Amino acid sequence: AMPRRAVLSREEDGWRLSRSQISFGGGRVIASGLFGAEASDVELAMADMPLSLADVLVPDLGFGGTASGLVQFRKPRGQVPTGDARLQVKGLTRSGLVLTSRPIDLALAGRLSTSTFEARAVMRDGGAASGRVQARITGMPATGTLGERLRGGALMGQLRYAGPADAIWRLVALEEFDLTGPVTIAADVTGSIPAPRMAGTMQSDGLRLQSALTGTDITGIVARGRFSGSRLDVASFTGRTANGGQVIGSGSFDLSRLGERAPALDLRISARNAQVLQRSDMAATVTGPVRIVSDGLTGTIAGRLRLDSARWTLGRASAYAELPDIRVREINRRADMAPPRRPRATWSYLIDAEGQNRIAVRGLGLDSEWSANIRLRGTTRAPTIVGRADLVRGGYDFAGKRFDLTRGRITFVGESPPDP
């Protein structure tokens with residue numbers, strides 16, 4: 001909405017906007033200046049502007065919160081742009097298909113000169129300062145887009161943070177695994193934006209790792225890590241699952257190319273009587289090695305496990321139907337509509353498991369205990385099972401009568417959904 005009309009005047013380098021107010025989503029911005037392809041000189045004064053407006057320009061950002069402050073941007077004809085920004089962001093979050101990050105407040109100041117970019121920010125959680133970030137990029141190339149020039153400069157930066165892990169973890173939009181609890185980070189950064197070189201430490205004594213994909217819930221995680229190059233190497237971590245089982249392990253997170261993908265990860269875990277799978281159609285408590293690998297786009301959960309106990313519920317799975325890809329050209333689209341969200345990435349299973357007993361198979365009239373030697377394959381959207389299970393004991397209800405089972409075998413042939 002505009003309280004009064006905007007006045008645009010044509011000039012040689014573009015259009016000049018007189019001081020005008022635009023209201024959107026409960027916020028407002030007062031804009032003025034020159035807008036042109038070859039030259040620009042713009043000033044924006046914002047008050048409580050919703051950050052969700054950014055989704056109109058870039059899909060899947062998912063930012064929430066409001067921004068207030070002053071932004072100035074200047075680009076004389078034939079020269080590189082310069083600018084200043086002083087912003088106060090309240091309730092900054094990032095939402096995905098499953099998770100929304102913990103809101104934080106951010107005070108940000110930045111300056112862009114012809115060859116240098118400087119930025120400083122202070123993060124607050126619940127009114128208390130939880131971290132600060134400062135960065136400086138020098139030696140920026142004289143040609144290219146602003147993004148290319150920033151990526152081509154030499155980076156120096158610092159991060160100091162002591163607060164909730166989910167406030168930072170969920171901002172990078174890695175939804176398959178959620179990390180909560182207190183964390184302390186001290187890191188110095190050099191190199192460049194595409195290839196950062198980091199040095200510093202990370203530590204925590206009370207993290208919680210959860211996964212909506214597998215139902216995994218590991219609490220009381222004690223972790224120690226060190227930043228090296230573009231990686232965070234976690235030398236060791238320990239934690240407990242909901243049934244009292246234990247996990248120990250190590251791993252790494254690759255933080256390069258964060259603008260293009262989520263962090264790549266490689267976790268090696270040793271489980272001891274740990275409940276690592278807890279879904280509505282299946283659950284498993286296991287002992288053995290597990291490895292979780294992701295390139296930041298997709299991933300694989302692999303392991304060679306002994307099944308201490310497990311549960312499989314027949315008739316719960318439903319076939320995953322891939323929607324047809326129809327070529328569509330949309331016309332007369334509203335300018336303030338966000339682009340469609342990309343579908344959630346799929347992960348793959350690569351798990352071999354064997355158990356002598358305590359594997360419960362229920363559903364469709366069956367209530368029984370089995371031994372099994374199976375291979376879990378497929379994806380999180382369409383899991384498949386190959387192998388067999390042999391009856392230990394059980395019964396079958398049919399037409400109001402119960403039959404005791406004395407011998408039985410279930411063979412899984414790799415269909416999705418599993419159809420033994």
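Predicted model: local features only at pLDDT ≥ 70, side-chain atom pairs only at ≥ 80, totals over all residues.

Biologist: What is the mean pLDDT of the protein?

Modeller: Of its residues, 88% reach 70 or more. The mean pLDDT is 85.

Biologist: Which residues make up the covered face of strand β12?

Modeller: In a regular strand the side chains alternate between the two faces of the sheet. β12 covers residues 182-191, and its uncovered face holds Pro-182, Thr-184, Ala-186, Asp-188 and Thr-190. The covered face is Val-183, Ile-185, Ala-187, Val-189 and Gly-191.

Biologist: Which residue in β12 is the bridge partner of Leu-159?

Modeller: Strand β10 (residues 154-164) runs antiparallel to β12, with 10 bridges between them. Leu-159 has its partner in β12, and that partner is Ala-187.

Biologist: Which residue in β13 is the bridge partner of Val-189?

Modeller: β12 also pairs with strand β13 (residues 196-210), antiparallel, through eight bridges. A hairpin of four residues joins these two strands. Within β13, the partner of Val-189 is Met-198.

Biologist: How far apart in space are Asp-178 and Ser-211, C-alpha to C-alpha?

Modeller: Asp-178 sits in strand β11 (residues 178-180). Asp-178 is buried, because its relative accessibility is 6%. Asp-178 and Ser-211 are 33 residues apart in sequence. In space, C-alpha to C-alpha, they are 6.1 Å apart.

Biologist: Is Arg-279 buried or exposed?

Modeller: Arg-279 lies in the loop between β17 (264-278) and β18 (282-294). Not counting residues up to four places away in sequence, Arg-279 touches Leu-213, Thr-214, Arg-311, Tyr-349, Thr-380 and Pro-383. Its relative accessible area is 18%, so Arg-279 is buried.

Biologist: With which side chain does the side chain of Arg-279 make a polar contact?

Modeller: The contact spans 3.2 Å. The side chain on the other end belongs to Asp-281.

Biologist: What angle lies between the planes of Trp-312 and Phe-412?

Modeller: The protein has two aromatic pairs. Trp-312 and Phe-412 form an edge-to-face pair, 6.3 Å centre to centre. Planes over 60 degrees apart count as edge-to-face. Here the angle is 80°.

Biologist: Why does the pair of Trp-312 and Phe-412 tie together parts that lie apart in sequence?

Modeller: Trp-312 is buried, at a relative accessible area of 10%. Phe-412 is buried too, at 9% relative accessibility. Trp-312 lies in strand β19 (residues 299-313) and Phe-412 in strand β24 (residues 409-413), so the parts tied together are separated in sequence by 100 residues.

Biologist: Is the pair of Tyr-396 and Phe-398 stacked or edge-to-face?

Modeller: Tyr-396 is partly exposed, with a relative accessible area of 31%. Phe-398 is exposed, at 52% relative accessibility. The rings are 6.3 Å apart centre to centre, with 10° between the planes. Planes under 30 degrees apart count as stacked. The pair is stacked.

Biologist: Which residue in the turn between β20 and β21 has a positive phi?

Modeller: Strand β20 (residues 347-363) and strand β21 (residues 366-378) run antiparallel, joined by 10 bridges. Gly-363 has Leu-366 as its bridge partner in β21. The hairpin has two residues between the strands. The one with a positive phi, of about 55°, is Leu-364.

Biologist: Which residue in β22 does Ala-372 stand opposite?

Modeller: β21 pairs with strand β22 (residues 383-398) in the antiparallel sense, over 13 bridges. Four residues lie between the two strands in their hairpin. Opposite Ala-372 stands Ala-389.

Technical notes
Residues numbered from 1 in each chain as written. Heavy atoms only, no water. pLDDT = per-residue confidence, 0-100. Buried < 20%, exposed > 50% of the residue type's maximum accessible area, 1.4 Å probe, protein only. Polar contact = N/O pair within 3.5 Å; in protein donor to acceptor, adjacent residues only side chain to side chain. Contact = heavy atoms within 4.5 Å. Pairing = 2+ DSSP bridges. Phe/Tyr/Trp six-rings, centres within 6.5 Å; stacked < 30°, edge-to-face > 60°.
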